[in-house]
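Trainee: I'm new to this one, could you walk me through it?
Mentor: Gladly, let's look at it together.
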Amino acid sequence: MDVTKAIETRRAFRSFDPVEITDDLIEDLARHAQLAPSCNNNQPWRFVFVYDQVRLKELHAALAPGNDWVRAASLIIVVFSKKEDDCIIKDREYHLFGDGLAAAFLILRATELGLVAHPIAGFSPKKTREILGIPEEYQIVTFINVGRHSAEISPVLSAKQVDWERVRPARRALDDFVFLNRYKPS
Ligand SMILES: Cc1cc2nc3c(=O)[nH]c(=O)nc-3n(C[C@H](O)[C@H](O)[C@H](O)COP(=O)(O)O)c2cc1C
C-alpha cells in the first residue's frame with residue numbers, strides 16, 4: 001500500500017472483529033512508530049501494548065461514556081510521554097507533537113496491515129495510571145484501539161457514531177486551513 005492509499009483508507013471505525021495479537025504484530029507496529037521524526041531525535045513517546053484479556057477488561061473501567069465500542073478492541077496501545085523528555089523551546093513543548101507523529105506512523109502501518117487503529121481521548125488518565133502503573137510524571141495522551149473492521153455495526157454506537165461508521169466525517173475545506181504566503185483572517 002502506498003502512503004496516499006493508507007491515508008485514504010484509514011478510518012476511525014468503531015465496529016471491531018477480533019484480531020490475533022502476536023509478538024510479530026506488536027514489533028511491526030512499534031518499529032514503524034520508532035522511525036517517526038522527533039525534535040533532536042528525543043523520541044519522547046512511550047507505549048504500553050495491552051492485549052492480555054484480564055488486563056484489557058481492567059482497562060475498560062477507564063473508558064469515558066460513549067467509548068463502550070472500545071471493549072471489542074483486541075489491543076489497546078496506551079501512549080504517554082513527559083515534557084522533560086523532549087524539546088522545550090520557550091513556551092513550545094514538543095513531546096505531544098512527537099507522540100502524534102509516532103502514533104500516526106503506527107496507525108498508517110496498522111491500516112496497511114488491514115487493521116483499524118483508532119485513537120481516542122475519552123478515557124480517565126487517573127484510572128489508566130493506576131491500572132497500568134504509569135508514574136504521575138507522564139502525561140497519558142491517547143489509547144489507540146486496534147481491531148479488524150467488522151461488517152456488522154456495533155450495537156453500542158450512538159446514532160452519530162453509526163453515521164460516521166458509514167460515511168467519513170466531513171473535513172474543513174482547504175481554504176479554511178491553507179494559506180498561501182501569508183495568513184489571512186477569515
Ligand atoms: C486526539 C483524538 C481523540 C479522539 N477521541 C475519540 C474518542 O474519545 N472517541 C471516539 O469515538 N473517537 C475519537 N476520535 C476519533 C475521531 O472522532 C475521528 O478521527 C474523526 O471523527 C474523523 O473520523 P475519521 O478518523 O474516520 O476520518 C479521536 C481522534 C483523535 C485524533
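Trainee: How far does a polar side-chain atom of arginine 14 lie from an oxygen atom of the ligand?
Mentor: That distance is 2.7 Å, a polar contact being a pair of N or O atoms within 3.5 Å. The model is predicted, with local features needing pLDDT of at least 70 and side-chain atom pairs pLDDT 80 or more, while totals for chains, interfaces and linings use all residues. Residues are numbered from 1 along each chain as its sequence is written, and side-chain values use heavy atoms, leaving out hydrogens and water.
Trainee: Changing topic, at what angle do H3 and H5 pack?
Mentor: Helix H3 (residues 53-60) and helix H5 (residues 125-132) pack at about 155 degrees, with their axes 9 Å apart; axes are lines fitted to C-alpha atoms over the stretch in contact, with angles from 0 to 180 degrees between N-to-C directions, and helices are DSSP runs (H or I, at least four residues) numbered from the N terminus. H3 is therefore roughly antiparallel to H5, a term for angles over 145 degrees.
Trainee: And which residues make that contact of H3 and H5?
Mentor: Arg55, Glu58 and Leu59 of H3 touch Thr128, Ile131 and Leu132 of H5, where contact means heavy atoms within 4.5 Å.

Key:
Helix = DSSP H or I, 4+ residues; strand = E, 2+ residues; numbered from the N terminus. Parallel < 35°, antiparallel > 145°, perpendicular 65-115°, else oblique. Polar contact = N/O pair within 3.5 Å; in protein donor to acceptor, adjacent residues only side chain to side chain.
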